[in-house]
Amino acid sequence: MGDFIKTRGNVFVAHRLRRASDRIVDQVGEMLSAEGLDVPPRGASMLLMIDERDAIGVVEIAQRLRLSHPLIVRMTQRFEQLGLVKIEVDPDDARRRRLVPTEKGRREAEAIRTFNARLSSMFDRLFAEIDSPLVAVLDRLDAALEAVPIAARMATLSDIQGDEE
């Protein structure tokens, strides 16, 4: 029995990207766990940002990572449970909360930096193996879809197909 999604060509590209992403996250997560790290693999970039900033709000994290506010709130709760961050009141705005790395969070952030250097080298080799500068391609894809969303592209396609009939 074949891969149903693969047989449908490029119309399910999002499904295929998600599947590849999940595979990478799962495999990286196993390695992080094997190295004794608690940070969830989908939260590594967030922990690095918190560590680099010393104190940062949830809204800024969501904006800079381009992820939803609710997702960052959930990750914040997880980070707090894992002892990676503590939450403190922003001295400039009592309504706002800031995430501050704990000593454990700082140790894990440093371990992630070391891990990421090796991971980056591995991806360089993998992308050479598949003969694709994948990150550059994803950057171009993201920029193209931001400039002209799918709906606009489909409307243009409909105009072209209408002219052909």
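Arg-113 and Glu-110 sit 3 residues apart in helix H5, so about one helical turn separates them. Helices here are DSSP runs of H or I with at least four residues, and strands are runs of E with at least two, numbered from the N terminus. This is a predicted model, in which local features need pLDDT of at least 70 and side-chain atom pairs pLDDT 80 or more, while totals for chains, interfaces and linings use all residues. Numbering starts from 1 along each chain as its sequence is written, and side-chain values use heavy atoms, without hydrogens or water.

Let's look at the charged pairs. The structure holds 17 salt bridges, each a side-chain nitrogen of Lys or Arg within 4 Å of a carboxyl oxygen of Asp or Glu. Three of them are listed here:

| Pair | N to O distance |
|---|---|
| Asp-51 and Arg-113 | 2.7 Å |
| Arg-98 and Glu-88 | 2.4 Å |
| Arg-113 and Glu-110 | 3.5 Å |

Through shared partners, salt bridges join Asp-51, Glu-52, Asp-54, Arg-106, Glu-110 and Arg-113 into one network. Asp-51 is buried at 11% relative accessibility, whereas Arg-113 is partly exposed at 26%; buried means under 20% relative accessible area, exposed over 50%, and partly exposed in between (1.4 Å probe, protein chains only).

Now to the nonpolar side. The largest nonpolar core has 27 residues, of which Val-39, Met-46, Ile-50, Ile-61 and Phe-79 touch the most other members. Such a core joins buried Ala, Val, Leu, Ile, Met, Phe, Trp, Tyr and Cys residues through side-chain atoms within 4.5 Å. Helices H1, H2, H3, H4 and H5 each supply at least two residues of this core.
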